Amino acid sequence: MITKEKKTDVIKKHATHPGDTGSSQVQIAVLTERIKELSGHLKNNKKDYASQTGLLGLVGQRRRLLSYLKKRDLTAYGSILKQLELRK
């Protein structure tokens, strides 16, 4: 789980306007932070299969949001990939 402070920092960094918590860019950034936290947990706990299933769900959700953003706004898609260092 990411802390509340870390989540608000990520939201502030990727928000398109003040009070933005639901745009695709913000959702992708928050999901990326959750994926990083869960990946670190799974490195230490290799047999935690429930968390592994949750991780796969988060990765799928992020993939769907990225494909939606690519269809709707290609420039925002490119900038979010660079900011989060995804798909090098």
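How many helices and strands does the chain have? The chain has four helices and zero strands, where helices (H or I, at least four residues) and strands (E, at least two) are DSSP runs, numbered from the N terminus. This is a predicted model, in which local features need pLDDT of at least 70 and side-chain atom pairs count only at pLDDT 80 or more, while totals for chains, interfaces and linings use all residues. Residues are numbered from 1 along each chain as its sequence is written, and side-chain values use heavy atoms, with hydrogens and water left out.

**Overall picture**

- The C-alpha trace of the chain spans about 40 × 30 × 20 Å along its principal axes.
- Of the 88 residues of the chain, 36% count as buried (buried means under 20% relative accessible area, exposed over 50%, partly exposed in between, with a 1.4 Å probe and protein chains only).
- Taking contacts between residues at least 6 apart in sequence, 47% join residues at least 24 apart; contact means heavy atoms within 4.5 Å.

**Helix 2 against helix 3**

- The axes of helix 2 (residues 24–44) and helix 3 (residues 49–72) come within 9 Å and cross at roughly 155°. Axes are lines fitted to C-alpha atoms, for helices over the stretch in contact, and angles run from 0 to 180 degrees between N-to-C directions.
- Helix 2 and helix 3 are therefore roughly antiparallel to each other (angles under 35 degrees count as roughly parallel, over 145 as roughly antiparallel, 65 to 115 as roughly perpendicular and the rest as oblique).
- Helix 2 passes helix 3 in a left-handed crossing, meaning that the near helix is turned anticlockwise from the far one by less than a right angle; clockwise is right-handed.
- Residues of helix 2 in this contact include I28, L31, I35, L38 and L42, and those of helix 3 include L55, L58, L65, L66 and L69.
- By class, the contact of helix 2 with helix 3 has 12 nonpolar, 10 polar and two charged residues. Here Ala, Val, Leu, Ile, Met, Phe, Trp, Tyr, Cys and Pro count as nonpolar, Asp, Glu, Lys and Arg as charged, and the others, Gly among them, as polar.

**Helix 2 against helix 4**

- Helix 2 and helix 4 pack at about 25°, with their axes 11 Å apart, which makes helix 2 roughly parallel to helix 4.
- This time the crossing is right-handed, as helix 2 passes helix 4.
- Q25, I28, A29 and T32 in helix 2 meet A76, I80 and L84 in helix 4.
- The contact of helix 2 with helix 4 has five nonpolar residues, two polar and no charged.

**The nonpolar core**

- The largest nonpolar core has 22 residues, and those with the most contacts inside it are I28, V30, L66, L69, I80 and L84. Such a core is a set of buried Ala, Val, Leu, Ile, Met, Phe, Trp, Tyr and Cys residues joined through side-chain atoms within 4.5 Å.
- Helix 1 (4–14), helix 2, helix 3 and helix 4 (74–84) each give two or more residues to this core, and helix 2 gives the most, with eight.
- I28 sits in helix 2 and is buried, with a relative accessible area of 0%.
- Leaving aside residues up to four places away in sequence, I28 touches R62, L65, L66, L69, I80 and L84.
- With that same exclusion, V30 touches I2, K7, V10 and I11.

**A residue to look at: E85**

- E85 lies in the segment after helix 4 and counts as exposed, at 58% relative accessibility.
- E85 has a positive phi of about 55° although it is not a glycine.
- Most residues other than glycine have a negative phi.
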